[in-house]
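Here is a quick tour of a two-chain contact and a few local details worth a look. Have the viewer open while you read.

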Amino acid sequence: MTDFKTLLGSRLKAVRKAANFKSAKEFAEKHNIPATTYGQHEAGKRAIGVETLLHYCDALRVDPIWLLFGGKKPYITEATQSSLLTVTEDAAGQLPTPPGQFQMLDTDAVATVDVKLYNKVIVAVFNTKEILEISPMELIDFSMHVYNNVVATSADEAAKDNMIKLSVSSLIRGYSKKRQKYHMKISEL
Amino acid sequence: MLHQEALDILYRYNYEIKRICKRFYLKSNFEHLSLYLIQPDGGMVFFSDMPSHTHELCKHQYHQLEGILSEKYYKQFEFYWWRDVIHRPDDIKIESIRSDVVQLQHGFVLVRKWNDFHLLYSFAKTKYDIHFELNVSNRLNTFLKIGDHVYEELRPFYANYIEPYQPPKIETFYPFKGGRPPAYYTKEYFITHSGLLVPEETENNIIHFDFSARQRQGTDS
C-alpha cells in the first residue's frame with residue numbers, strides 16, 4: 001500500500017511538471033526553497049508542514065485539498081486546469097486507508113487523523129463561505145485550527161459537535177468585525 | 001470557582017481570539033496565549049488561542065490543582081515560569097496535558113492586578129527554543145503590552161459573564177516592576193473606593209534602572 005507522503009509527493013511532482021518546471025531544482029530555485037528539501041517532499045521522504053504546503057499551492061496555483069487528498073479538480077482556476085498533465089494512477093483518485101482514519105501531515109510528525117471529525121469540521125466551516133465571502137485559504141487555516149483543538153480533547157461526540165458549532169458561530173461573528181479598524185498597531189510594540 | 005459556561009466560552013470566541021493573537025506570533029516569537037481572568041470573588045473565566053489545553057484542564061478539574069492558577073503564585077509574583085510552579089498531587093497528569101496533548105513548553109505567566117481583578121497572561125511555545133527564555137526576560141514589557149491589548153479586545157465578551165462586576169478597563173500601560181503584582185486602578189474604581197491611593201502614572205515603555213545608590217557609594221557597576 002503506497003503511503004500518504006509518497007502519494008502527496010507524486011501529486012506535487014505532477015503539478016510541478018504541469019506548471020512547466022522541468023526539474024525539481026528549477027522550481028525550488030525560483031521559489032527560494034532548499035532544493036534538497038523540495039526534492040525530498042516530491043519523493044515522499046519528508047513530511048511537509050502546513051505553511052510549506054500552502055506555499056506550494058500558492059506557487060503552483062493548485063487546490064490544497066486536492067494536493068492533500070487527490071480528487072478530480074486540482075486547479076483553482078479554469079485556465080490552469082487545461083495545462084494539467086496526465087498523472088499516474090498512484091497520484092490520482094482516493095487514498096487507500098484503514099476504515100475511519102488516515103495519516104495527515106503535521107509540522108514535525110505524522111499524526112493519525114479522525115476522518116469523521118475532520119469531515120464535520122470542513123463541512124461546517126466551508127458552509128460559511130457564501131455568507132462571509134471569505135478566502136478558501138483562511139477557511140482551511142481555521143478548519144485545521146478547529147480540528148486540532150477539538151480532536152485533542154477527551155470530550156464525547158456531542159460535546160465535540162458543540163465545539164464545532166460554537167467555533168463556526170465565532171467565525172461568522174468575528175469575520176464581520178475584522179473589517180473594523182483596530183486601535184492597536186503591532187508597530188507600537 | 002470556574003464559571004459554569006467555562007468550557008463553552010473557550011470555543012465561543014475561537015475565531016476572534018485566534019485572529020487577535022496570530023498578529024503577534026511571528027513578531028514576538030510565541031505560539032500560545034491564554035488569559036486566565038479572576039474576579040474579586042475568585043470566579044474564573046478563561047480565554048485561550050489553544051482551547052483544547054484549557055478545556056482538558058477544566059474538564060478534569062485540574063484548574064483547581066494547576067500551579068499557574070494558584071493564589072500562592074498569582075498573588076505573590078508578577079512573573080513566573082510554568083516550570084517553577086508546583087501543582088498539587090496530579091503533577092504528572094497536568095504536565096502530560098501540556099507536553100503530550102498540546103505540546104507546549106517554555107511557558108510563563110505575567111500578572112496584572114487591576115481593581116481587585118487578577119488578569120493572568122499565560123504565554124508558551126510549541127517548539128523548543130534555546131533563546132526563548134532570554135528573549136522573554138529582555139522583553140517583558142512587550143509581552144505585557146500584548147496581554148493588555150488582547151485583554152482589551154476580549155473585555156466586551158468578558159463583561160457578559162461576570163455580573164454584577166464590571167471588567168477593568170486598561171487605559172494606561174504600567175511597565176513591569178516585579179515582585180508582588182502592583183495594584184492598578186481605573187478612575188471609576190478610585191471614585192467608588194475613595195481613600196485608596198492611586199499610584200502615579202509612569203512612562204509607559206521604559207524600564208528604569210536606579211544606579212544612584214551605587215554612584216553614591218562610589219563603586220563601579
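Buried area here means the accessible area (1.4 Å probe) that two parts lose on being put together, summed over both. By that count, chain A and chain B bury about 2,600 Å² between them, with 57% of it on carbon and sulfur atoms.

Before going further, some ground rules. This is a predicted model, where local features need pLDDT of at least 70 and side-chain atom pairs count only at pLDDT 80 or more, while totals for chains, interfaces and linings use all residues. Residues are numbered from 1 along each chain as its sequence is written, chains are lettered from A and ligands numbered from 1 in the order in which they are written, and side-chain values use heavy atoms, with hydrogens and water left out.

**The interface**

With contact meaning heavy atoms within 4.5 Å, chain A puts in 29 residues and chain B also 29. The rule finds three salt bridges across this interface, a salt bridge being a side-chain nitrogen of Lys or Arg within 4 Å of a carboxyl oxygen of Asp or Glu. There are also 13 residue pairs in polar contact, both residues at pLDDT 80 or more. A polar contact is a pair of N or O atoms within 3.5 Å; within protein, one must be able to donate a hydrogen and the other to accept it, and residues adjacent in sequence count only if both atoms are side-chain atoms.

On the chain A side, the elements giving two or more residues are α9 (136-151) and α10 (157-177). Helices (H or I, at least four residues) and strands (E, at least two) are DSSP runs, numbered from the N terminus. The largest share of that side, 10 residues, comes from α10(A).

Which residues meet between α9(A) and α2(B)? From α9(A) come A:Glu138, A:Asp141, A:Phe142, A:His145 and A:Val146, and they meet B:Asn14, B:Tyr15, B:Lys18 and B:Lys22 in α2(B). In this set, A:Asp141 and B:Lys22 form a salt bridge through their side chains (3.7 Å, N to O).

Inside chain A, residues of α1(A) including A:Lys13 and A:Arg16 meet A:Tyr38, A:His41 and A:Glu42 in α3(A). A:Arg16 and A:Glu42 make a salt bridge at 2.8 Å, N to O. That pair links distant parts of the chain, 26 residues apart. Over all chains, the structure holds 17 salt bridges.

Most residues other than glycine have a negative phi, and most peptide bonds are trans. B:Asn115, not a glycine, has a positive phi of about 50°; look for B:Asn115 in the loop between β4 (105-114) and β5 (117-125). A cis peptide bond joins B:Glu163 and B:Pro164, with omega about 5°, and B:Pro164 lies in the loop between α7 and β6 (183-184).
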